[in-house]
Amino acid sequence: MNAKQKQFKDPVHGYISIREDWCKDFIDTFVFQRLRYIEQTSMRPLYPAARHDRFIHSLGTFHLGQRIYASILKNTQDEKIKNVLKEDRFQNTFLIACLMHDCGHAPFSHTLEEFFNHADAKTPKQANKLLQEEFPNEDFQTGDGFDPAPHEAFSAVVLNKFFADKLKKYNCDAELAARMITGCTYPDERDEKHCLANRLIGLLNGKAIDVDKLDYILRDTWVSGVQNTAIDIDRLVRSVVFHFDAGGKIKQCFHKSALSVLQNVVDARNYLYEWVYNHHTVLYYSKLLNKSMRKLAELVGKEKDKDYFWKTVFSLEPFRNAVKISNDHKVYLPADGDMLYLMKNFIHEIPEVEELLSHTPKRVALWKTYAEFRMLFKETLVVNPNTGKSISKRLPKLLSQELQCPEEDIIIISALAKHYVIEESHVFVLVDNEVISFTELMGDKPASRSGYFFYVFIPPEHKNKKTAIIDLISSLSR
Amino acid sequence: MCKYLDPAAFMVYVFANSPQNQAAHSLQRLRKLRDEVANSLEDQNVFIEWTRNAVLGAVECFPDIFKQEDTKIIWQGSNDGLEKQGFNDGFSQDFEERLNDAIKKALELEAAQ
C-alpha cells in the first residue's frame, strides 16, 4: 500500500518520510509528543549544542528501520522469506516498534531510568512487573537470559496500553512489538516465522549493530561536534540481507561490500563511551541530577508515604491523568521540565539543585579520564577491580576524615569503561552467497579494554592534596 | 528502601555457595536462581539487577573472577570466599546469612530439577 507520506527534516538523515496515517495515530499523540521534552543524553553540560531529544531519535530509528527493511526486501533472494516479510504482522510491527521503542522513556533518559525499577522505592522491578502483567503468559527475557532494561519494559507496556487499538488497526502483533522493543527473542526458533521474528528483534534491539544504536551513534556524534570515526551509513543500510547459513538457519547479514563500515560502527560507539558518555563532567552532572531527584522524592515523601514520588511519577498513572505530587504540585506526562520545576521549588532544601542550575561545580575531579586512572593504579586497582569497588564505597568516609570535611562533600562515581568487541555470533557477513561470521572473516578478535574505574570529586580547596589521596588509595589496595 | 544487589555481587555469592566442582553456570540458570533468591528474600525487599548491560558490564569489569564463554559464566576466582569482601559492603550479618541460605536453597532446587 502506497500511503500518503509526511516529511520531517532531520540534520542527520535528511528527509524522514512517515505514513500520514501513522503520524496521526502514533506521532500526533500526547504520549509520543512527550518525547520532545526528554533529553536524549546527559552530555549537555559538556556539549551545549546537544539539545537532541527522544522524539527525533525515535524518528531517526524509524527511518533507519524503514530503509533497512526495504534493503532486506530488495537484497534477499529467497521468495518465501520475502513473502513473510511483506506481511503486515512483520513489516508494520517492526516499523511501529522502531518508531515507538522509547515511548515510555524516563525524564532525563538514562540518568533517571533506574527509578522505574528500584532506586529508593519499595517497589523494585516495577517496570518488569508491569510487562509481565501486560503479557502474562510470556517470559520476557533476551535470548541469553537477561531482563529487559527498565525503559524498554516500560515503553513496551506504554505501547500496548495506549495504542492497542492502533496496533490492531495495522495488523500488528502486540507481543512481537513488545519483544522487539525489549530485545527479548523467542526462546525457540521452531519455524521460519519465529526465526524471522528473532532476526527482526535483533535489528531493533540486538547485541552488536541495530537501528537504535546506529541512530544514537550518528546523532550523538553530530550534536556534540566531536570528531568521531565516520560511518558510511548509506553503504551499510544498502548491504543488509537475510540469508540461510550452512545449517539452514536464517541469518541477518551484511554484504561483504560493507565490511569496512562494520568496524567503523564499533569504533565510533567505543569512542562515544570512552570520551563522551564517561566524561567526568557528564557523569558529575548526571550524579547531581540523580542525587537531587532522590532528595526531592524524600521531601515529597514526607507529606505522604516514603515511596509516593516514585510510585506516582514513574508509573503509568501520569500518562492518563495529572497526579498530585504535593499539596501544590501535579505532574502530567512527566518530562524533563516537570522534574526541573519540582526541583526548583525545593532549591533551598537541595543544595545540588543550586549547583546544577548555576553550573558551578562545588567539587573537582582528581583525575579526568580512564586512561589516567589506569596509569595511576595500574599495579593495584586495575589488576584487582573488586578491591577497587570495595575501596570506592569506603572512600567518602575515609576522605572526609583525611580532608576534615563533611562526607557529603566527597563524591565517588563508578563507571564502566566500555570497549565493545564483536563476538563470534554477533555479526554475519555474506561473502559470495556464504554466511560467514565477522570474527572469522577478520581473524583474531582484538582484546577488550573494558574495565571498572571510578572518579573522585573533592572540594577544590583540597586539590593540592591530590598526591596524598592517590597514595592513600594505593595503600588501601595493597 | 530496597536492597540492591548488582549482578557481580549476586554472582560472587552464587559461586561461593556452589559446589567446588561447579565453576560455571549458564546465564539462563543464573537468571532462574536470581528469581528464586529474590522470591525467598521478598520480605527483605531485595532487587537483583539482571539486565544485559549490567551483567555483561560486571563480567567485563571483573575479568579476574568472571569469564564469559558463549552463554556461560565461568568462575575464575579463588574458593576461599575472599572475593566476597569486595562485594559485601553494607550487608548486615543477618542479611548475608539470609542471602547465603536463599542461594543454597535455590541451587538445591535447581539441582533437583
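Begin by selecting H7 and H8 of chain A, whose axes come within 8 Å and cross at roughly 35°. Axes here are lines fitted to C-alpha atoms, for helices over the stretch in contact, and angles run from 0 to 180 degrees between N-to-C directions. Helices are DSSP runs of H or I with at least four residues, numbered from the N terminus. The model is predicted: local features need pLDDT of at least 70, side-chain atom pairs count only at pLDDT 80 or more, and totals for chains, interfaces and linings use all residues. Residues are numbered from 1 along each chain as its sequence is written, and chains are lettered from A and ligands numbered from 1 in the order in which they are written.

**The H7–H8 pair of chain A**

The crossing of H7(A) past H8(A) is left-handed (the near helix is turned anticlockwise from the far one by less than a right angle; clockwise would be right-handed). Display A:Ala127, A:Asn128, A:Leu130, A:Leu131 and A:Glu134 on H7(A); they meet A:Pro150, A:Ala153, A:Phe154, A:Ala156, A:Val157 and A:Asn160 on H8(A). Contact requires C-beta atoms, placed from the backbone, to lie within 7 Å. By class, this contact has 8 nonpolar, 2 polar and 1 charged residues. Ala, Val, Leu, Ile, Met, Phe, Trp, Tyr, Cys and Pro count as nonpolar, Asp, Glu, Lys and Arg as charged, and the others, Gly among them, as polar.

Next, select the whole of H7(A), residues 126–134, where A:Gln126, A:Ala127, A:Asn128, A:Leu130, A:Leu131 and A:Glu134 are buried (20 or more other C-beta atoms within 10 Å of a residue's own; exposed means 12 or fewer, partly exposed in between). The cover over these buried residues includes H8 of chain A.

**Domains 1 and 2 of chain A**

Colour chain A by its domain assignment: domain 1 (5–266), domain 2 (279–361) and domain 3 (363–478). Such bounds come from an automatic or database domain assignment. The centres of domains 1 and 2 of chain A, taken over C-alpha atoms, are separated by 28 Å. Their contact takes 25 residues from domain 1 and 24 residues from domain 2. On the domain 1 side, H2 (30–33), H6 (110–113) and H8 (150–162) of chain A each supply at least two residues, and H8(A) gives the most, with 3 residues. That side has 17 nonpolar, 3 polar and 5 charged residues.

**A:Arg34**

Centre on A:Arg34, in the loop between H2 and H3 (54–75) of chain A. A:Arg34 counts as buried because it has 23 C-beta neighbours inside 10 Å. Leaving aside neighbours within four places in sequence, A:Arg34 is in contact with A:Leu333 and A:Ala335. The C-alpha atom of A:Arg34 is separated by 8.3 Å from that of A:Cys103, 69 residues apart along the chain.

**H12 and H14 of chain A**

Move to H12 (211–224) and H14 (259–277) of chain A, whose axes come within 10 Å and cross at roughly 55°. H12(A) and H14(A) are therefore oblique to each other (under 35 degrees is roughly parallel, over 145 roughly antiparallel, 65 to 115 roughly perpendicular, and the rest oblique). The crossing of H12(A) past H14(A) is left-handed.

**H2 and H4 of chain B**

Finally, select H2 (27–40) and H4 (93–112) of chain B, which pack at about 130° with their axes 9 Å apart. H2(B) passes H4(B) in a right-handed crossing.

Note on methods:
Contact = placed C-beta atoms within 7 Å.
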